[in-house]
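Visitor: Please show me the model that we are to discuss, so that the questions can follow it.

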2 protein chains.
Amino acid sequence: MSRPTVAVVGLGQMGGSFAAALTRRRLARVVGVTRRAETAARARKMGILADAGTDLSAVSDADVVVLATPVRTLLRQIPEVAPLVRSGSILTDVGSTKTDVVEALRRAKPAATVVAGHPMAGNERAGLDGVDENLFEQRPWVLIGNRRRAALLERLVTAVGARPLWMKNPEEHDLKVARVSHIPYLLAYALMGTPEDSIRVCGNSFRDATRVAKSDPDMVLDFLLTNPRPIRRSAGELKKRLDDLLRAIARGEATTLRKTLERARERRSRI
Amino acid sequence: MSRPTVAVVGLGQMGGSFAAALTRRRLARVVGVTRRAETAARARKMGILADAGTDLSAVSDADVVVLATPVRTLLRQIPEVAPLVRSGSILTDVGSTKTDVVEALRRAKPAATVVAGHPMAGNERAGLDGVDENLFEQRPWVLIGNRRRAALLERLVTAVGARPLWMKNPEEHDLKVARVSHIPYLLAYALMGTPEDSIRVCGNSFRDATRVAKSDPDMVLDFLLTNPRPIRRSAGELKKRLDDLLRAIARGEATTLRKTLERARERRSRI
């Protein structure tokens, strides 16, 4: 079987890293499409793909088309790109929230097989500066769609080191990532509002809890603004658990607190 | 000037590490006092002090007496130990909350100079297993009391690598550590209540934010249960900032959110 052609639309940290991971492992011929000619030129120089340009029509030659722009860009782009992807190909994305993306893909009625995706990976660097061909190693890569028709995509995802994780629907994905990712980000931002004279005495607990506040604000805004309802629900769950802890402290309930702390320690040790 | 004698009451991670730091740097002759004879024997074998036993009266020969038991033990111990410390010596502690400790020290009316203390250092291991002679390197060591009469203590604290940080009163200390330490711990425990199927897709943001949930529950209970009011106030401040973020997300206020995220990133980069 000859190597498939993969078109990656958007050459940021995610798109660039997937292109690099496929190219360096000789898994596919990768073609990049990006808005700015300078970005395409830089990606070519980095040797992370076979060719790159600014013309979206390049996607029509691909066996797999990966949309790798931020979610809010993606939502505008889908109606334009979807009709260009040929029947028999796979159209996927790497957006960090999924409900709006899946809805936009559905409305665009593409001839291609649609599989929404989200690699749970990333670093603190933005754009092509964040490219890392090993970014996906051992990381879950969420996939939503018809698994039987997505064998090629699943093979590529596995081959770059990720663990494919099929989910039933975009709502399941968005609630889970709200709970384990978007809420920790929000808590980090809330903690960073602590008065300066207190931050001056901070130790490792504060450093660890606020590390993600160093992330690229554009990337974070993208998932916060496209996931309001699951975030609201998860925040309510979190606040309820925090209030339970505060009530036990106010009442001096040592036994209740100890149970919670021991259970948390045990669960954390299994992550 | 001959080496001073330092008595350390309580040979856990803190007391043991301070004893080790003083002994290995030949800064003082260290005598340990502990409840259990086996702990004293183990500390002697580790070579972290000159002598160790279970008799509290050993503190009467010391130039500096360091109370290094958990806060709730300390509160019971102070009336018993304080009268044994001679005039001209310094009586200090390393408890993680200060208001109740300072009040207990005041009530005990010791002849010695009283300086409350809190080294902002620690690791995840409990007891003598956590002993580390470099534990205090570059860490703030909060001191509360009469600085002019505490020159010897300040010299020892500096000599083990810590940065002495004088505070006006115990209330200032307890509010600041509630904000930058006790709240991150509580958020970690609240996050560890997340449903299992969601934790399964967690990435680094969740791992970082929950790392302290691996700590010794006894140590954590000690500071949570002896600091209820500052924790309540800090939690209120945190929840207000979290609610502001949630409101901006619900309303799709990109500009407001971006400002908060950029300010947090800038502040975090300076820690």
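**The interface and the sheets**

Guide: Across the interface of chain B and chain A, the rule finds eleven salt bridges, a salt bridge being a side-chain nitrogen of Lys or Arg within 4 Å of a carboxyl oxygen of Asp or Glu. This is a predicted model, in which local features need pLDDT of at least 70 and side-chain atom pairs count only at pLDDT 80 or more, while totals for chains, interfaces and linings use all residues. Residues are numbered from 1 along each chain as its sequence is written, chains are lettered from A and ligands numbered from 1 in the order in which they are written, and side-chain values use heavy atoms, with hydrogens and water left out.

Visitor: With which residue does R270(B) form a salt bridge?

Guide: The closest N and O atoms of this pair are 4.0 Å apart. The partner of R270(B) belongs to chain A and is E196(A).

Visitor: Which helix gives the most to the side of chain B that touches chain A?

Guide: Helices here are DSSP runs (H or I, at least four residues) and strands likewise (E, at least two), numbered from the N terminus. Several helices of chain B each supply at least two residues of that side, among them α6 (170-191) and α11 (254-269). With 13 residues, the one that gives the most is α10(B).

Visitor: How many charged residues does the side of chain B that touches chain A have?

Guide: Asp, Glu, Lys and Arg count as charged; Ala, Val, Leu, Ile, Met, Phe, Trp, Tyr, Cys and Pro count as nonpolar, and the others, Gly among them, as polar. By these classes the side has 40 nonpolar and nine polar residues. Its charged residues number 22.

Visitor: What area is buried between chain B and chain A?

Guide: Buried area is the accessible area (1.4 Å probe) that two parts lose on being put together, summed over both. Carbon and sulfur atoms give 67% of it here. The area is about 7,200 Å².

Visitor: Which residue in β2(B) is the bridge partner of T5(B)?

Guide: Strands β1 (residues 5-9) and β2 (residues 29-33) of chain B pair in the parallel sense over five bridges. In β2(B), the partner of T5(B) is R29(B).

Key. Pairing = 2+ DSSP bridges.
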